[in-house]
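Student: Could we go through this structure together? I would like to begin with the disulfides and then move on to other features.

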Amino acid sequence: MALVIMNVLLLLFSVVLVRSDQTTTPLKSFKISGNVTYDCINIYKQPGLDHPLLKNHTIQMKPSRTELNSQTGNSITQKNKIKCPDGTIPVLRNTKDFLTSANLFPENYVHPHSVDSPGTHIAGVRSHAGPYRGIQAWVYGVDLKIEKDQASYSQIYLGSGVNNKINYISAGFMINPGYFGDGRVWSYGFWKGKDGKGCYNTACSGFVQVSQTIPIVQPIDISPTEPSFLRPFIHQDKNTGNWWLTYLGPDKPNGDLGYWPKELFDHFDNGANMVGVGGVVKASPSGSSPPMGNGKFPDGGRRTSAIFANIDVLNSNYEQSKISSFPIEILVDSPQCYGLRVGTVKWYRRTRLGYFFNYGGPGGNSCGV
């Protein structure tokens, strides 16, 4: 399973943007910054529905609510920059330059010294005690400076695999200049399904966006003085079997962004066998690995490295539990460059953490392949 996960990570780093549907005339557009524009597309004509497995799919407008126990926190609050008209949803416009960068990304990113997952390093935890119906966590966002041919992620994920074939969903933060064309922090979602291929966000078909105001992918405003947390929740709908992405916050209502339809997967019918959280980085072809987390080694304290906190999972009966109540495996493949510590703390700058994982490291040229 470890080899399969590393291969999925390689796919995640090297996936090509296939298309973004520009054949549908947007009803309205929002330009967030110089290279970021969202088009409000008819929800029934969105690119996510063009997948051949979704020819007869009926859109689910909202999930069968799975409530989690409330938690206090200082989550990221984005300004309400996007509000698409009724019947439309926001889709990130893929400009010519954006598509060019995305199509060159796999070629420039393949490291020749490993056939499995060249230059990829991880630090995190996972549990194989499934089946699981969902996972959520407070994910710490940090504005790092990395090179154009590097990438650094903070993610929650779940997966199931049989005979080196895997279904996989992840969400969180990424800094990926080769993919987006800038060095900002972005929210993202990724999936890999029954056809063995995967896709980010709404760049190609698969993910069904339903929120009129919160796109699955967007640049995030990171505060230089306060910790910035995102609380993504990936969960399987009780009635439909679809896999929803919801952003949770200290105040209701929660943000139900959309979902990955069950038709995309062949190993998720009864939940996911594995869940996990962690940091992932991808080295440049020269072998230099970028920083992970906030670029510092964890020492078990509260003020160093980055944090995953309040990691909750849903078991096969949709009952909520801490991931620490299940057997967990610690993953650190390059301890000279990255680390991970487990700890507990009641409060951290107004954020209630409880059980948490410190992770991160400076990277460098000695991390291996």
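Tutor: Let us start with Cys337 and Cys367, which are joined by a disulfide with an S to S distance of 2.1 Å. Please keep in mind that this is a predicted model.

Student: What is the handedness of the link of Cys337 and Cys367?

Tutor: The link of Cys337 and Cys367 is left-handed, with -105° about the S-S bond. The pair connects distant parts of the chain, 30 residues apart. Cys337 is in the loop between β19 (329-332) and β20 (339-348), and Cys367 is in the segment after β21 (351-360).

Student: Are Cys337 and Cys367 buried or exposed?

Tutor: Cys337 counts as buried, at 0% relative accessibility. Cys367 counts as buried too, at 5% relative accessibility.

Student: How many disulfides are there by this rule?

Tutor: The count comes to three disulfides, taking cysteine sulfur atoms within 2.5 Å as the rule. With bonded cysteines counted along the chain, the disulfides follow the pattern 1-2, 3-4, 5-6.

Student: Which residue is joined to Cys40 by a disulfide?

Tutor: Cys40 is joined to Cys84, with an S to S distance of 2.1 Å. The link of Cys40 and Cys84 is left-handed, with -80° about the S-S bond. Cys40 lies in strand β2 (residues 36-42) and Cys84 in the loop between β2 and β3 (88-92), so the pair ties together parts that are 44 residues apart in sequence.

Student: And what is the relative accessible area of Cys40 and of Cys84?

Tutor: Cys40 has a relative accessible area of 0% and is buried. For Cys84 the value is 2%, and Cys84 is buried as well.

Student: How far apart are the sulfur atoms of Cys199 and Cys204?

Tutor: The sulfur atoms of Cys199 and Cys204 are 1.9 Å apart, and the two residues form a disulfide. Cys199 is buried, with a relative accessible area of 1%, and Cys204 counts as buried at 8% relative accessibility.

Student: Let us turn to the strands. In which order do the three strands of the open sheet come?

Tutor: The order is β1-β2-β3, and the pairing is antiparallel. β1 (28-33) and β3 stand at the edges with a single partner strand each, so one side of each has no neighbour in the sheet. Neighbouring strands of this sheet are turned by 25° against each other on average, direction ignored.

Student: How many bridges join β1 to β2?

Tutor: Five bridges join these antiparallel strands, β1 and β2. Lys28 stands opposite Cys40 in β2, and Cys40 is the residue whose disulfide partner is Cys84.

Student: What about Thr88: in which strand is it found?

Tutor: Thr88 is found in strand β3 and counts as buried at 6% relative accessibility. The side chain of Thr88 reaches the backbone oxygen of Pro85 at 2.7 Å.

Student: Which residues is Thr88 in contact with, leaving aside its neighbours within four places in sequence?

Tutor: Thr88 is in contact with Leu27, Cys40, Ile41, Asn42, Ile43 and Gln212.

Student: Now the nonpolar cores. How many residues has the largest one?

Tutor: The largest nonpolar core has 80 residues, and those with the most contacts inside it are Leu158, Ile169, Trp243, Trp260 and Val277. Another core, of 10 residues, lies apart from it, and includes Ile41, Ile43, Ile59 and Val210. Of these, Ile41 and Ile43 are among the contacts of Thr88.

Student: One last topic, the backbone. Which residues does a cis peptide bond join?

Tutor: A cis peptide bond joins Gly130 and Pro131, with omega about 15°. Pro131 is in the loop between β4 (120-127) and β5 (132-141).

Student: What is the phi of Asn201, and what is that of Asn310?

Tutor: Asn201 has a positive phi of about 50° although it is not a glycine. Asn201 lies in the loop between β9 (198-200) and β10 (208-209), and counts as buried at 3% relative accessibility. Asn310 has a phi near 50°, again a positive value in a residue other than glycine. Asn310 is in strand β17 (residues 306-315) and counts as buried at 6% relative accessibility.

Note on methods:
Residues are numbered from 1 along each chain as its sequence is written. This is a predicted model: local features need pLDDT of at least 70, side-chain atom pairs count only at pLDDT 80 or more; totals for chains, interfaces and linings use all residues. Side-chain values use heavy atoms; hydrogens and water are left out. Helices (H or I, at least four residues) and strands (E, at least two) are DSSP runs, numbered from the N terminus. Buried means under 20% relative accessible area, exposed over 50%, partly exposed in between (1.4 Å probe, protein chains only). A nonpolar core is a set of buried Ala, Val, Leu, Ile, Met, Phe, Trp, Tyr and Cys residues joined through side-chain atoms within 4.5 Å. A polar contact is a pair of N or O atoms within 3.5 Å; within protein, one must be able to donate a hydrogen and the other to accept it, and residues adjacent in sequence count only if both atoms are side-chain atoms. Contact means heavy atoms within 4.5 Å. Two strands pair if DSSP finds at least two bridges between them. Axes are lines fitted to C-alpha atoms, for helices over the stretch in contact, and angles run from 0 to 180 degrees between N-to-C directions.
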